Amino acid sequence: MAHEHKLEIFRGLVKFKSNTSKIWGVLVFLTLITVIEVALGIVKPESLMGKFLGMKILNWIFIILTIVKAYYITWDFMHMRDEVKALRRMVVWTAIFLIVYLVFILLQEGGYIESVYSSGFIKNDF
Amino acid sequence: MNTTVATGTEGKTWGGGNKPLTASYGKLMMWFFIVSDALTFSGFLAAYGFSRFKFIDSWPIADEVFTHFPFLHGVEAPMYYVAFMTFVLIMSSVTMVLAVDAGHHMNKAKVTIYMFLTVIGGIIFVGSQAWEWNTFIKGEFGAVQTKGGNILQFVDAEGHRVAVADFAKVETGTRTQHESKNGLWFVDEGALPAYTMGEINNGLAAHPEVLVRTQIINEAGKKTVLSREESVKQLKDNGRLFVQGANLHVNEYGSPLFADFFFFITGFHGFHVLSGVIINIIIFFNVILGTYERRKSYEMVEKVGLYWHFVDLVWVFVFTFFYLV
């Protein structure tokens, strides 16, 4: 029953001495991201209100930070970092491919229906 | 009799008699369950995104919906409580992974303590979610639903929300609720709204400082406030029903779809947390009874841990898409 843990995060930038200290380190990192998210959500800086690919830059930042959090939860709390490559790809790539595909289709369609509401002959302001 | 068939793959990675993924059967099955459950949640969240893109110019602004904090009445505290909930769940994820780690070292006392803390964290989270639901269902200011299903809210000149109860002119002698015992026995009627449209119309006419706010988001990212004349006219022409709080039919904060998705997705997630707490409790007692000590492996803690972290993972996304974006 060997339990080898890879102890470095950020591509080897930070290396922890034990698995326990790595857990606390990741907690600090996740908390920091959550604090940044909440602060941005309350302040809503005017400079981040511009649009990029049809969505506010602020929203893009939120989504990217969420994915970063998800990565560290999966890799360090769920020990994906310690699994073999085949298992990791089986789980992660399958999910990511299907989710990206589904999200793309549904958002595309939602945007289309919105354009029908706003520029077609449909009245909804009553 | 030797029935073994030589396949020519003996000794290779996938030739059999080997664990190519170096993970046990139970852990693999937990991973595959997590993948399928992740797809279920993605389906829900993508459907939420679909509806939101469909009504992109009139969707409720989360900061205006979830402004409450327990024991702080009348204080606008958007997101602080849900940030607290997020932190509780991440924290209980940490105690869970510490329990797994202690399990690897066969340290029964530590596993017990950490499992206990994880259960407590889960219970705090579910309780917080119940409070969040309760606040959302009760609502705060009340609003009017129009014939077209849109929501009209009320604000003063500075743009602060005004509760319908503060300006509606209450009349007596309006109609009573129909009950099957004193009317048609085969027809039922739900509870009557607290205010009739006449009462709200008269109240608005008597309070010149109150304006109507529609759900259309303007260029500045704020909800549109109508002028005084437009307010009176809009309410009179199109107002149909007084709405307080949110349920599956109406939602005082805007599109009913917002409430539907909120209840469904956070409800489904809350159900996962609840089942996680129950499973954690079972494992906790197994740890105390020494089941895994006798088994000489705490792998069961690890498998339950995977599920528990997954619940945390989903919450990270729910948090983003319901409260931040």
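Predicted model: local features only at pLDDT ≥ 70, side-chain atom pairs only at ≥ 80, totals over all residues.
User: Let's start with chain A. Which helices and strands does it have, and in what order do they run?
Analyst: The secondary structure of chain A amounts to three helices and four strands. Read from the N terminus, the order is β-β-α-β-β-α-α.

User: Is chain A compact or spread out, going by its radius of gyration?
Analyst: Its C-alpha atoms fill a box of roughly 65 × 35 × 25 Å along the principal axes. For 126 residues the globule rule gives 14 Å, but the radius of gyration is 20 Å, well over that. So chain A is more spread out than a compact globule.

User: What percentage of chain A counts as buried?
Analyst: Buried here takes 20 or more other C-beta atoms within 10 Å of a residue's own. Of the 126 residues in chain A, the share that counts as buried is 19%.

User: Now the contact between the chains: which helix of chain A supplies the largest share of the side that touches chain B?
Analyst: The contact takes 44 residues from chain A and 45 residues from chain B. On the chain A side, helices H1 (19-43), H2 (57-77) and H3 (85-119) each supply at least two residues. The largest share, 16 residues, comes from H3(A).

User: And how many nonpolar residues are on that side of chain A?
Analyst: Sorted by class, the side of chain A that touches chain B has five charged and 13 polar residues. The nonpolar count there is 26.

User: Over in chain B, why does the end-to-end distance of helix H7 agree with what a helix should span?
Analyst: H7(B) covers residues 256-289, which is 34 residues. At 1.5 Å a residue that should span 50 Å, so the distance between its end C-alpha atoms agrees, at 49 Å.

User: Which strands pair with S1(B)?
Analyst: Strand S5 (residues 239-243) of chain B runs antiparallel to S1(B) (residues 143-146), with four bridges joining them; Ala143(B) has Val243(B) as its bridge partner there.

User: Which residue in the hairpin of S1(B) and S2(B) takes a positive phi?
Analyst: This hairpin has four residues between the strands. The residue with a positive phi, near 85 degrees, is Gly149(B).

User: Is Leu152(B) buried or exposed?
Analyst: Leu152(B) is found in strand S2 of chain B. Leaving aside neighbours within four places in sequence, its contacts include Val144(B), Val212(B) and Gln234(B). The C-alpha atom of Gln234(B), 82 residues away along the chain, is 8.8 Å from that of Leu152(B). With 21 C-beta neighbours inside 10 Å, Leu152(B) counts as buried.

Methods. Residues numbered from 1 in each chain as written. Chains lettered and ligands numbered in written order. Expected span 1.5 Å × (residues − 1). Contact = placed C-beta atoms within 7 Å. Nonpolar A, V, L, I, M, F, W, Y, C, P; charged D, E, K, R; others polar. Pairing = 2+ DSSP bridges. Buried ≥ 20, exposed ≤ 12 C-beta atoms within 10 Å, placed from the backbone. Rg over C-alpha atoms; globule rule 2.2 N^0.38 Å.
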